[in-house]
Amino acid sequence: MVDQVDRVDRVGRRGRHLVRRTSRFHYRAADRRVDRNRPAAERHADREAPRLIDDPWFYAAALPAVLIAGISKGGFGGGVGLVAVPLMALTVAPPQAAAIMLPILCFMDVFGVWAYRRRWDWRILRIVVPAALIGIAAGAASFRYLNADAIRLMLGLIAVGFTVRYWLRQARGEGK
C-alpha cells in the first residue's frame, strides 16, 4: 500500500496504476506484470477461482428462504417473503444474500409480468415506479457505503417495522 500522494501516477506502459480509495491510494491487484507471451489459460491459472459456499448453515437458511420467497411470490405466503433475505443474511453477508436472491426474484417476476400483461393500472404505476426508483437508489447507496453489520441492522429494523405495522393494522381491523 502507498501512503497518501497528491496525484494518480502511471509509471510506464506496464507500470503500477494507483487508484484512489478514500484518503489513501492502493495498488490494484491486476497491475502485476502480465506476460503476454504465455497462453491465456496459463495466465489465468494463477488466479484464485471463485469459491462456492460450503457452509451447511447457509444451505439450511437458503433453502427455506428461497421456498418462502417463491411461495410468497405465488400469492400464497402474503408478506412472509420479506424474511427471505434477512434469513439468508444470518449466514452470509447481506450483499451476498441479496445477490443470490436477486436473480431468483427477477426470474419469478418475468412470469408475474407475463401473467398480468395488459391488465396494468397506470394510476398505480405512476406512484409505484418513482417510489421504486428512489428505493433502488437508496439501496445501492447503502450497499456501497455501509458495512455488512450496518446493513444487517437496517434489514432487522425494516423487518421489525413491517411486522409492527402489520400487527397494528390487524388490531385496528384494517387487515384483509
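Accessible areas here come from the Shrake-Rupley method with a 1.4 Å probe, and for residues only the protein chains shown count as cover. By that method the protein exposes about 14600 Å², with carbon and sulfur atoms supplying 62% of it. This is a predicted model, in which local features need pLDDT of at least 70 and side-chain atom pairs count only at pLDDT 80 or more, while totals for chains, interfaces and linings use all residues. Residues are numbered from 1 along each chain as its sequence is written, and side-chain values use heavy atoms, leaving out hydrogens and water.

**Overall build**
- The protein has 6 helices and 2 strands, taken as DSSP runs (helices H or I, at least four residues; strands E, at least two) numbered from the N terminus.
- Starting at the N terminus, the order is β-β-α-α-α-α-α-α.
- Of the 176 residues, 12% are buried, meaning under 20% relative accessible area (1.4 Å probe, protein chains only).

**A closer look at Ser142**
- Ser142 sits in helix α5 and, at 10% relative accessibility, counts as buried.
- A polar atom of the Ser142 side chain is 2.9 Å from the backbone oxygen of Gly139.
- Beyond its neighbours within four places in sequence, Ser142 is in contact with Ile151 and Met154, where contact means heavy atoms within 4.5 Å.

**Contacts across the chain**
- Among contacts with a separation of 6 or more, 39% join residues 24 or more positions apart.

Definitions and conventions:
Buried means under 20% relative accessible area, exposed over 50%, partly exposed in between (1.4 Å probe, protein chains only). A polar contact is a pair of N or O atoms within 3.5 Å; within protein, one must be able to donate a hydrogen and the other to accept it, and residues adjacent in sequence count only if both atoms are side-chain atoms.
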